Amino acid sequence: MAQEASSSKSSPSSKMISLTTADNVVFEIDGTIAKQMKVVQAFIEEDDGVSTIPLPNVFSKDLSLTVEFCKKDIAGEITKDFEASFVKDLDNEELKVLFLAANYLNVNRLFEFLSLTIAKRLENKSVEYAREYFGIENDFTPEEEARVREERAWAFKGLDEDEV
């Protein structure tokens, strides 16, 4: 069972919120952090006696990272160094899953940061790289693709080597 300590900047009256992830890990987080997650905030505002808020689309690893990001955001400690270290060890698949979690939880600041991070990872990459990154099947015939590449040759110049 994962337990998150309450933020030192939270008010003493801030209550703890229980969240259950898709992999059945229960997190106890401070209410000030929970309020940054708009989907959780909606449950809190309804207050229909739910003791634990289920998060069926979020896994424990991603919730842990989201909570870490929210704590830093609340404390005003999000720096370029923090951002760089936050995503440094995430591979493309982990980054996409965290991005989806941020979207589901509606944590705008994290969602915007991850959107920019994904865009930077795709910058100057080939069409084939982007297709593989997002799992998109090429539905062009070879002739159609050749025509598009010829008509828009400028878009295919100066691309980086694709990383495998």
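## Ser18

At 11% relative accessibility, Ser18 counts as buried (buried is under 20% relative accessible area, exposed over 50%, partly exposed in between, with a 1.4 Å probe and protein chains only). This is a predicted model, where local features need pLDDT of at least 70, side-chain atom pairs count only at pLDDT 80 or more, and totals for chains, interfaces and linings use all residues. Residues are numbered from 1 along each chain as its sequence is written, and side-chain values use heavy atoms, with hydrogens and water left out.

Ser18 sits in strand 1 (strands are DSSP runs of E, at least two residues; helices are runs of H or I, at least four; both are numbered from the N terminus). Its side chain makes a polar contact with the side chain of Glu28, at 2.3 Å. For a polar contact, two N or O atoms lie within 3.5 Å; within protein, one must be able to donate a hydrogen and the other to accept it, and residues adjacent in sequence count only if both atoms are side-chain atoms. Leaving aside neighbours within four places in sequence, Ser18 is in contact (heavy atoms within 4.5 Å) with Val26, Phe27, Glu28, Ser51, Thr52 and Ile53.

## The sheet around it

Three strands make an open sheet in the order 2-1-3, with mixed pairing (a pair needs at least two DSSP bridges). Strand 2 (26–30) and strand 3 (52–55) are at the edges with a single partner strand each, so one side of each has no neighbour in the sheet.

Strand 1 (residues 16–21) pairs with strand 3 in the parallel sense over four bridges. Thr20 stands opposite Pro54, and Thr21 has Leu55 as its bridge partner. Strand 3 shows a covered face, Ile53 and Leu55, and an uncovered one, Thr52 and Pro54.

## Helices on the sheet

Helix 2 (residues 38–46) lies across strand 1 and strand 3, running at about 150° to strand 3. Angles run from 0 to 180 degrees between N-to-C directions, and axes are lines fitted to C-alpha atoms, for helices over the stretch in contact. Helix 3 (residues 60–75) packs on the sheet too, touching strand 1, strand 2 and strand 3.

## Helix 3 meets helix 6

Helix 3 and helix 6 (residues 108–122) pack at about 110°, with axes 10 Å apart. That makes the two roughly perpendicular (65 to 115 degrees; under 35 is roughly parallel, over 145 roughly antiparallel, the rest oblique). Thr66, Phe69 and Asp73 of helix 3 meet Arg109, Leu110 and Phe113 of helix 6.
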